[in-house]
Amino acid sequence: MSSVDHELIEEIRDSARDFLQRRDQRQRMRRAAPVDRDYWREIAGVGWLGMSVPEAQGGLGLGWRAMAAVLEEAGRAQLPEPLVGAGVLPVTLLARITPVAAARRDALLQAVCAGESLVGLAWQETEGQLEAGEAATAFGVSVIEREGAYVLNGEKRHVVPGAGVDGWLVTADGEHGTALFFVAAGTPGVTAHVHERADGSPACHLAIEAAIVPAEALLARDDVLDAVDEALDLGRLMQSAELVGVARQVLADSVAYLNTRQQFGRPLASFQALQHRLVDTAMQVELAANSLLDALDTLDARPDDATLRKTAASRAKARAARAGLEATRLAIQLHGAIGYTEECDVSLYFRSALHLAAWLGNASAHRQRYGALAALPASAPDGDEAAPVTDFPRTADWNGMPEADFRRLVRGFFRARYPEHLRHVPWRLHWDEIKDWYDTLSRQGWIAPSWPREHGGMALSPARQIAFIEEAERHGVARAPDQGLVMLGPILIRYGTEEQRKRFLPGILSGKAVWAQGYSEPNAGSDLASLRCEALVDGDELVVSGQKTWSTLAQDATHMFMLVRTDKTVKKQAGISFLLVDLSSPGVSRRPIRTLSGHAEFCEVFFDQVRVPRANIVGDLNAGWGIAKALLGFERLFSGSPKHANHALQQIFSIARQRGLLADPAFADRLAELRMDAADLTAMYGVFADLAKAGRTLPPELSLLKIWATETHERLGALLIQIAEEYGGADMRLGYGNGQVHALAPYVNALAATIFSGTNEIQRNIYARQLGLEGA
């Protein structure tokens, strides 16, 4: 989305917030009043009902991002009017049908957009139904034509709004297929059996018995089911926005309460157990928000792909339902007894979340729908292509190339050039094992996918980076020693001098310089500012003494970027410098450390009076802390990549196909949940990758990305071990799929990922401060 679009959306959001604050929505919600027609016309007057309607049909044509911003604010304010039920659903359906008579349809559409007519959509015929044509029942509405009129019989269920309306849009099945009618309230034979939803709003079951409607009541008879299904999915996306608003506001209210409520002589906000619970719930909210944005992007990019629309809508609704329910349920717990009463606003949000999460399909139903519709990875990704790629250009318009073509090119390159014996290795390879492949990528110009072109990179967009990573994972390409590529390179591009970039970037690209990270020290792991490795200024040099530990593959490195203490007289963070060190310098020694998997992946590095040119300081002396945090941002962004989760999914699919597990409903449901977790991870990662590519500061929410990525990887690894049965405890490759599945590797590797770059517990502490919790 362009910056202009972003600014417009924020203006719409601010305007919606101002409009909703003119009256106390929460007090009105407590009264469970029917729709206030005067207020409904005010809502129509500010353009909300016609916001998504194309300008050619008399609407504002602002699109679904604008509408989502309004719905999120409506959720925060607890707007009692049924904006989705009486606004989004009927307006969207009317705008999309192929009408029998355009004039009649247009008149009704304009009346609804203007707030002059209050109309509901009656489509559902059985509990749990997600699509208009999927569950024909004996009680469904049927239609027969008689003497220039139509006779309707049957039932519709869970219609919102269910009272005080001027009529309903009703789907009915006849000999010519499904048709859409406008049935006016008060039509003889039509009875609305009204019941309250959890939030107090009225819904109804419509009983239609020999109801006669005039010929002009017929609105459409072609492609009605498709139009209804599209309206329902767009309604679910707007429900998701409303649920995000509910969750955001109740979290903010909970933070405010914990900051003021005292227990045991301390604010409740100071208890780490409560902080972490709030952070985990906030993570669900951010995932829901990003899943929604990803779904809206999908609709913009491929508006005619019905399957993509359905999977995107189900994924967003399932995540938003979880976020809304978890946030409101936690709020009751955190508020204590008062949270269990109607006197506390928490009850309004809880009841609203219950209503929204269940109506139009609950999380479980949408998870199953997603699992059934979302495309599974190809069963044989290594199969021959009809026209194998043999020409691999060093440079091209990668981002402008169709994604399918880009993937085919990358896939062809891996097949042609990557060493077969190194495919699907379960552990990190040493430099002598992977150097030839690094050199191959370097010669091809594909070694730095995310770097700008002017510095030798491919300048891939986040979407193309993900495609590149996915194809590498699918082919089993091992991760090369890449700390220079993913950590130091971006730091030098942003903070280094021109002379430093000329000195060090070419060596990273060529592989002549292999870099290791020197951050952690004994007793200063996640508490990075407590480092003691010292560098004393001596003229044009610094003299380094101390120790670094947990340095990945430092035994193979030629250089190290490291944090050193250059001033002990100031506070911890202020006396740190960011230094580049040649590890061949006198006084450097190393000791490899074997991990629990038996591989020497880590290393201790000792510095004994090691002399380093002062010109190797990145940034200013004693100003390394800001650079250190930026690098941690890049590292957490890398840790938050979906590559590890997607690789584990590939392994799971290999075993599941061999064992026939995909036909097991219980397994399929669990797998669908984890696939959605991975898809939402990809959506969240794309947001941060966009920020990094634009050179913008990565926000504190990056901690949530790191947590979700590593813990999703861990959950997938645990499932892989489970379905591997006895092989889940064997340190060997399995004979599933291409014979390259290693059941233990994803789980064991995920354990390490939850620790490095700052443990996940530390990430929760960091984000607790971002939430504004006192004492965090």
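1. The model is predicted. A search of the whole structure finds seven cavities of 30 Å³ or more, and the largest cavity holds about 190 Å³ of space. It is lined by 20 residues, of which Glu81, Pro82, Asp199, Glu242 and His355 are the closest to its centre.

2. The lining of the largest cavity consists of eleven nonpolar, six polar and three charged residues. At least two residues of this lining come from each of helix 4 (64-77), helix 5 (83-96) and helix 10 (346-358).

3. Glutamine 57 sits in the loop between helix 3 (37-45) and helix 4. Beyond its neighbours within four places in sequence, glutamine 57 contacts Ala95, Arg105, Leu109 and Gln110. A polar atom of its side chain is 3.2 Å from the backbone oxygen of alanine 95. Between glutamine 57 and leucine 109, 52 residues apart along the chain, the C-alpha separation is 8.5 Å.

4. There are 18 aromatic pairs in the structure. One of them joins tryptophan 398 and tryptophan 446 edge-to-face, at 5.6 Å centre to centre and 90 degrees between the planes. Tryptophan 398 is in the loop between helix 11 (363-373) and helix 12 (403-417) and tryptophan 446 in the loop between helix 13 (431-444) and helix 14 (462-475), so the pair ties together parts 48 residues apart in sequence. Both tryptophans are buried.

5. Tyrosine 418 and tryptophan 437 also pair edge-to-face, because their planes are at 90 degrees, with ring centres 4.8 Å apart. Tyrosine 418 is buried at 4% relative accessible area, and tryptophan 437 is buried at 3%.

6. Ring pairs link a cluster whose members include Phe392, Trp398, Tyr418, Trp437 and Trp446.

How values were computed: Residues are numbered from 1 along each chain as its sequence is written. This is a predicted model: local features need pLDDT of at least 70, side-chain atom pairs count only at pLDDT 80 or more; totals for chains, interfaces and linings use all residues. Side-chain values use heavy atoms; hydrogens and water are left out. On a 1 Å grid over the protein atoms alone, a cavity is a set of points where a 1.4 Å probe fits but cannot get out, and a pocket is an open set with protein on both sides within 12 Å along at least five of seven lines; lining residues have an atom within 4 Å of a point. Grid points are joined across faces, edges and corners, and a volume is the space filled by probe spheres set on the points. Helices (H or I, at least four residues) and strands (E, at least two) are DSSP runs, numbered from the N terminus. Ala, Val, Leu, Ile, Met, Phe, Trp, Tyr, Cys and Pro count as nonpolar, Asp, Glu, Lys and Arg as charged, and the others, Gly among them, as polar. Contact means heavy atoms within 4.5 Å. A polar contact is a pair of N or O atoms within 3.5 Å; within protein, one must be able to donate a hydrogen and the other to accept it, and residues adjacent in sequence count only if both atoms are side-chain atoms. Rings of Phe, Tyr and Trp (its six-membered ring) pair if their centres lie within 6.5 Å; planes under 30 degrees apart count as stacked, over 60 as edge-to-face and the rest as tilted. Buried means under 20% relative accessible area, exposed over 50%, partly exposed in between (1.4 Å probe, protein chains only).
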